[in-house]
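Dear colleague,

Please find below the structure that I am handing over to you. My notes on what was found in it follow directly after.

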Amino acid sequence: MKLQRKNGLRATALGALAISGALVLTACGSDNNTGADTSGEKTSAASNIKCDEAKGQILAAGSSAQKNAVDVWVNAFQAACSGVEVNYQAIGSGGGITKFNQGQVAFAGSDSALKPEEVEESKKICKGGQGINLPMVGGPVAIGYNLEGVDNLVLDATTIAKIFDSKITKWNDPAIAKLNPDAKLPDSSIQAFHRSDESGTTQNLHKYLSEAAPADWKHDPKSKSWLAPGGQAANGSSGVASQVKQTQGSIGYFELSYATSQSISTVKLDTGAAAPVEATTENASKAIAAAKIKGTGKDLALSLDYKTKAEGAYPIILVTYEIACDKGNKAKTLPTLKAFLNYTASEEGQKVLSDAGYAPLPAEIATKVREIVPTLS
């Protein structure tokens, strides 16, 4: 099988965000040259993506954190499976879960696992079953900044907490200067940007700050809404990234893919390890590999270690879940849902993530997802 790059593939995220160099799977034969195997599975002649009985359109919504990954997946899947359309709206994790529990979408994307009350609510839609969390996308939440003359900024959890809590308001604050003795920090105000919508990205930052800087971050770590005072709000990860890109003296948080695509500088974290840790997919994978499955049955919700001091492990991480019914999925959309999730969880689907600024799932977790998706009913 061959993988070809299409440098012209564009992944829009609520606006003009684009990723160049994204991988699209466009060539190679299937396991059977006729395009079908002996079990009756339909396999695209253009790739080894198994389309099975996929047909028509499925709707999905949720996390903007995974939007760029989903765009890459959708382009590959639709190229392989003729007549199939996956329509994903990046409206934030909270909005996606709401739509899922109202029966408006086949699956939702969320940067945090379903809460117990959300699982209970899902039982009304998932007849005979419930919503389950399937980890699919991993990656670092980058702290992006725009500060002329400073291209190597180090912060720790305490300074990040104080910046976003409006307790550190100047770039040359002694706490920042101590972490960056060689930087020419200006005597200018810090403009912090945060999400205006309910977001699992916000929740993951809350969790990191609550665990790594508990004395300085007193806000509810379970909240998907921004709770700290001050700063300015923008919609979606793309909105925050765009504001940081165009605002001198600014700082914000968003997934690495948004920083990469817009050439936004990112903070290195002083975690207590021997050297500050950069926000990279490789460093995020080192942290995600320590995650433990806390879900039961077919639910694969994870517990992440935000306080890790392991060398090279970047701790501000998120894992985005695809939320679907274990039982009670709509018969009309079930074949396409399963075919699409089978592809995204496959080795092939996971391999394309790194080039889009995401971290592939650790092998042990990915294997469990691949076992569960075919059992959805």
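Is glutamate 85 buried, exposed or partly exposed? Glutamate 85 is partly exposed, with a relative accessible area of 38%; here buried means under 20% relative accessible area, exposed over 50%, and partly exposed in between, with a 1.4 Å probe and protein chains only.

Before the remaining findings, a word on the basis. The model is predicted, so local features need pLDDT of at least 70 and side-chain atom pairs count only at pLDDT 80 or more, while totals for chains, interfaces and linings use all residues. Residues are numbered from 1 along each chain as its sequence is written, and side-chain values use heavy atoms, with hydrogens and water left out.

Glutamate 85 belongs to strand β4 (residues 84-90); strands (E, at least two residues) and helices (H or I, at least four) are DSSP runs, numbered from the N terminus. Leaving aside residues up to four places away in sequence, glutamate 85 touches Gly56, Gln57, Ile58 and Gln78, where contact means heavy atoms within 4.5 Å. Glutamine 57 is 28 residues from glutamate 85 in sequence, yet the C-alpha atoms are 4.5 Å apart.

Serine 93, in helix α2 (residues 93-101), is buried, with a relative accessible area of 1%. Its contacts, again not counting residues up to four places away in sequence, include Gly62, Asp111, Glu198 and Lys224.

Turning to the rings, the structure holds 7 aromatic pairs (rings of Phe, Tyr and Trp, the last by its six-membered ring, with centres within 6.5 Å; planes under 30 degrees apart count as stacked, over 60 as edge-to-face and the rest as tilted). One of them joins phenylalanine 77 and phenylalanine 340 edge-to-face, at 5.3 Å centre to centre and 70° between the planes. Because phenylalanine 77 lies in helix α1 (residues 67-80) and phenylalanine 340 in helix α10 (residues 334-345), this pair ties together parts that are 263 residues apart in sequence. Both phenylalanines are buried. The rings of phenylalanine 164 and tyrosine 253 have centres 5.9 Å apart and planes at 80°, so this pair is edge-to-face. Phenylalanine 164 is in helix α4 (residues 157-164) and tyrosine 253 in strand β10 (residues 250-255), 89 residues apart.

The largest nonpolar core has 71 residues, and Phe164 and Ile251 are among those with the most contacts inside it; such a core is a set of buried Ala, Val, Leu, Ile, Met, Phe, Trp, Tyr and Cys residues joined through side-chain atoms within 4.5 Å. Strand β15 (residues 317-325) gives the largest share of this core, 6 residues. A second, separate core of 43 residues includes Tyr88 and Leu300.

Finally, the largest pocket holds about 560 Å³ of space. A pocket is, on a 1 Å grid over the protein atoms alone, an open set of points where a 1.4 Å probe fits, with protein on both sides within 12 Å along at least five of seven lines; lining residues have an atom within 4 Å of a point. Grid points are joined across faces, edges and corners, and the volume is the space filled by probe spheres set on the points. Of the 27 lining residues, Ala113, Leu114, Lys207, Lys294 and Leu302 are the closest to the centre of this pocket. The largest share of the lining, 4 residues, comes from α6.

With kind regards
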